[in-house]
2 protein chains.
Amino acid sequence: MKNLKGALLLGQSGGPTSVINASAAGVFLEALKQENVTDILAAAHGIKGILNEDFIDIRKEDIKELENLKYTPSSAIGSVRYKLKDENDFNKLLVIFKKYNIRFFLYNGGNDSMDTCNKISKFLKKSNYDCNVIGVPKTIDNDLAVIDHCPGYGSAAKYIATSMMEIGLDATVYDSKMITVCEIMGRHAGWLTAASQISKEKGYGPDLIYLPEIAFDLDSFYKNVKEILDTKGKVIIAVSEGIQTKEGLFIPELVNSSLSKDAFGHAQLGGTASVLASLLANKYGVKTRAVEFSLLQRCASHLASQTDIDEAFNTGKRCVKAATAGVSDKLIGIVRTSNNPYKIVYKKIDLKDVANEEKKIPLEWILEDGKGLTNEYLEYVTPLIQGETKQVKQNGLPVFAKLKKNKF
Amino acid sequence: MKNLKGALLLGQSGGPTSVINASAAGVFLEALKQENVTDILAAAHGIKGILNEDFIDIRKEDIKELENLKYTPSSAIGSVRYKLKDENDFNKLLVIFKKYNIRFFLYNGGNDSMDTCNKISKFLKKSNYDCNVIGVPKTIDNDLAVIDHCPGYGSAAKYIATSMMEIGLDATVYDSKMITVCEIMGRHAGWLTAASQISKEKGYGPDLIYLPEIAFDLDSFYKNVKEILDTKGKVIIAVSEGIQTKEGLFIPELVNSSLSKDAFGHAQLGGTASVLASLLANKYGVKTRAVEFSLLQRCASHLASQTDIDEAFNTGKRCVKAATAGVSDKLIGIVRTSNNPYKIVYKKIDLKDVANEEKKIPLEWILEDGKGLTNEYLEYVTPLIQGETKQVKQNGLPVFAKLKKNKF
């Protein structure tokens, strides 16, 4: 624990979320209050921005715009997918940290980014350079270990649940048979797709939910779909993009020969939903439709959960408070202390316990045969989607923060 | 003009919208007030429901649920795509109209449905059966002739503009080159895709907008994309699903051999955006992404325009008022009398003038080379997206109307 004085640097990393900027707002606004913080820098495009000394001078921004970051989706200072390569990268980093007197380093991202954060922290310590390093958790995937849930997940879950309710009505209006397959993000963990259970519980479907936690079996899938098709005439299915067979094949790989290369030698046009919809159309001769939730599930700030926004913002603030109070090598994570009423605390968690770990849905929460999730999951997720965003609208449209992005 | 007394029948037809049920709410609530209306029937799945005598008894529904139809997307009583085939169909219809003493027939749909409506009206008149027939306009496509705009369009435009602003931020966070192609509905008219101009004007892109009104030229498309790729590094493109080359080919047909048949003999997996994204990835070797707005652009009631909701509701009410006042063979359409301040009137328009006509975007509103639309379009569309929906939320989710759907 060292109480330092110097510049604070924030970087954003990995895929954007609806509330990643809410954490940035928390970081910047809190940093402005802290006497030990001299300059406040934001790295354009995460680690790459640091290595290129591409810094934004946050003290030159309007407070009003910084506050409105709370309601602005995506990565306002630019994100990156970059792994620190070798000793050279680390040495360069050290030179730059010294040059700008960076004494507080905050990195906002998922498990990869927490690993980066952890490595930087260790390297700086080894190099005898005093700097408090704090991870700011963020991911719609909700797959960070140790913590209860991750900022970004509640908003994505709210978007998925609401959209699935709407699609549930839309996909059933005709009196003809119809199968709708909705593809939701999540390569290894099914947290996002699980959120469709909220809509199912309200009575709007999906009928079937497939998560990557359970090996996907095509025959049993066909059987389940057929059963519902025969009784209800309409089937709505939610699938994680990352579902795999027990042999470890992703869905597009099931039809590899026709899909993986088009006329231009370019890989797979259709994703998981497209392929399943096509397989079902072929097998049962009914109209099918594939819907990909795509980018909007991670950037639809107009439908963000205010609970999530506030938690992301508070996480950012607490990260700065911790760093300036001498804490290092930790992330500030949310731990639930009570569900009814919903209560949380922000806890300091060792970066090494989160780095590169992946939290999946407990298997006992998943019903067999694509039947969805248990009430335990619903009790877990419901508090996270509460509260409508206080995003300001002007002329019928959201107003996003506009940063000047003056170079430091 | 005949003042009749008897049952009122409403049918919904064609693709759903966010506000088609707002019109139904207007029809039902107004019908409940009218002394000349005896029974109030809703045809399950439009014309098919009529031919099958599959009627819902609206007088048995709770008023509160009927009121909440205003905020419930999709076709609550079921929709249909069915063209009246022959004399048999018409004769059957007449027998059923007589049996239920249907004296007011309202049909809610787009130009095909207005044609159906017109034909029924003529047939009943020829058969000397007194019935006032009124069309209730509805379509997200906004392609109905004569009227200023169509209920359903404003909400879809608001969804597209808002989502495109969010995607505009999301698709530009990395420092690597990237092309994002967004596919928006609209087979022949580009009104929906045009709404992305609202986002462009706010500074969030898309960089390029392609509408079906202008023949699509692949070479000039490549050139335009390349120019932006070289200067900005990121390109966001909005395309109507219905864009065609001057030879009349849809985009998926450009790569026919590889796309139109997959391993299962089933037609095109990828749509317009997928194919364009694949072509661009192949040509420029950069990461591309295809985003289809899909069903949500027509059912995202959580982002509906309150202006649109109110207009759809009022249209429904006025249709009943007209029918019970003796008007027949008309639709009730919105005509704008002033833009600043925005003022409209509801006008009676001959069904025959709208039936099967298709209103496209005036060519003088479209800039060349995919550069977007003029200010005339923005002035036209801006009033239509105003007002946030008053949809009730409970536990973080919308509350949709639940009808009992008692058989009549």
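Let's start where the two chains meet: in this predicted model, 61 residues of chain B are in contact with 61 residues of chain A. Helix α6(B) gives the most, with nine residues.

Seven strands make up an open sheet with mixed pairing, and they run in the order β3-β2-β1-β4-β5-β10-β11. At the edges sit β3 (55-57) and β11 (342-350) of chain B, each pairing on one side only. On average, neighbouring strands here are turned by 30° against each other, direction ignored. For one pair up close, take β4 (residues 102-109) and β5 (residues 132-137) of chain B, which pair in the parallel sense over six bridges. Tyr107(B), for instance, has Gly135(B) in β5(B) as its bridge partner.

Next come two helices that lie across strands of chain B. Helix α1(B) lies across β1, β2, β4 and β5, running at about 175° to β1(B). Helix α14(B) lies across β1, β2, β4, β5, β10 and β11, at about 170° to β5(B).

These helices also meet each other: the axes of α1(B) and α14(B) come within 7 Å and cross at roughly 40°, and the crossing is right-handed. Among the residues making this contact are Ala22(B) and Gly26(B) of α1(B), along with Phe313(B) and Val320(B) of α14(B). The contact residues divide into ten nonpolar, five polar and three charged.

Key. Residues numbered from 1 in each chain as written. Chains lettered and ligands numbered in written order. Predicted model: local features only at pLDDT ≥ 70, side-chain atom pairs only at ≥ 80, totals over all residues. Axes fitted to C-alpha atoms, helices over the stretch in contact; angles between N-to-C directions. Helix = DSSP H or I, 4+ residues; strand = E, 2+ residues; numbered from the N terminus. Left-handed = near helix turned anticlockwise from the far one by under 90°. Contact = placed C-beta atoms within 7 Å. Nonpolar A, V, L, I, M, F, W, Y, C, P; charged D, E, K, R; others polar. Pairing = 2+ DSSP bridges.
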